Amino acid sequence: MDLNADLGEGFGAWRLGDDDALLDVVTSANVACGFHAGDPGTMRRVCAAAAERDVAVGAQVGYRDLAGFGRRRIEYTFADLRDDVLYQIGALDGFCRVAGIRVRYVKPHGALYNTAAVDEAQAAAVVAAVVDYDSSLPVLCPPGSVLAQLATGAGLRAVAEGFADRGYQASGALVPRSSPGALVESPDEVAARAVRMAVESRVRTVDGVELRLPVESICVHGDTPGAVALARGVRSSLEGAGVSLGAFVKSSEDER
């Protein structure tokens, strides 16, 4: 099972989360590419730190929305969104190459993640950008989503992702952050949910429904309060349950 976190989400003098501490825990890092968060210096620093720890780096692409942290839906033309996503992948890959590694996958962020899960036009734009840049790159996305279906149809690998620290609706969608139950705050509950996802492929929704959720990667958000402790607890609990952890893609060590 892969354990991922969103990293590099600071901007300029402002830092969000403890990137270095999380990189000591996770097996994959979704690195912000400068549109919803991040900047060149942050991208370079996080890519170098990930390479040192042999953590696989993915491009976390988002809307051009620093002020809203990429959590506000934006309507795009197909070409504009495709090219914005392509730009972000290429930018992060440049800093990866300097660190001696490569971008290994793509994951949409925030509102783009949620929109591409259900909206065919935006999902198609994300898929087109990945195909144009490097069709060997997997797309990290919700299982059974529109994005997963279009990625698979285009010959890309769709990697199903679950969220240990977010609430689920019976539809399989995440609870909106503005609604009660959006965040799971108890460290014990977060860890238990991660183990259940990994071992049973199931999660209990906010409505008490048992939802089947087969995933290959589990996310702990880097901006969740106490993210480092949560990630450590998740990793420890997974290992304690006999779940072996590793990136779902090759990492830097495999290239050397």
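Modeller: This is a predicted model, in which local features need pLDDT of at least 70 and side-chain atom pairs count only at pLDDT 80 or more, while totals for chains, interfaces and linings use all residues. Residues are numbered from 1 along each chain as its sequence is written, and side-chain values use heavy atoms, with hydrogens and water left out.

Colleague: How many salt bridges does a search of the whole structure find?

Modeller: A salt bridge is a side-chain nitrogen of Lys or Arg within 4 Å of a carboxyl oxygen of Asp or Glu. Searching the whole structure for such pairs gives a total of 17.

Colleague: Is D93, which meets R102 in a salt bridge, buried or exposed?

Modeller: The N to O distance between the side chains of D93 and R102 is 3.2 Å. Buried means under 20% relative accessible area, exposed over 50%, and partly exposed in between (1.4 Å probe, protein chains only). R102 has 28% relative accessibility and is therefore partly exposed. D93 has 0%, so D93 counts as buried.

Colleague: How far apart are the closest N and O atoms of D65 and R72?

Modeller: D65 is buried because its relative accessible area is 6%. R72, at 46%, is partly exposed. These two residues form a salt bridge, and their closest N and O atoms lie apart by 2.4 Å.

Colleague: Which residues are linked with R196 in a network of salt bridges?

Modeller: Here the salt bridges join into a network. Linked with R196 in this network are E200, R204 and E210.
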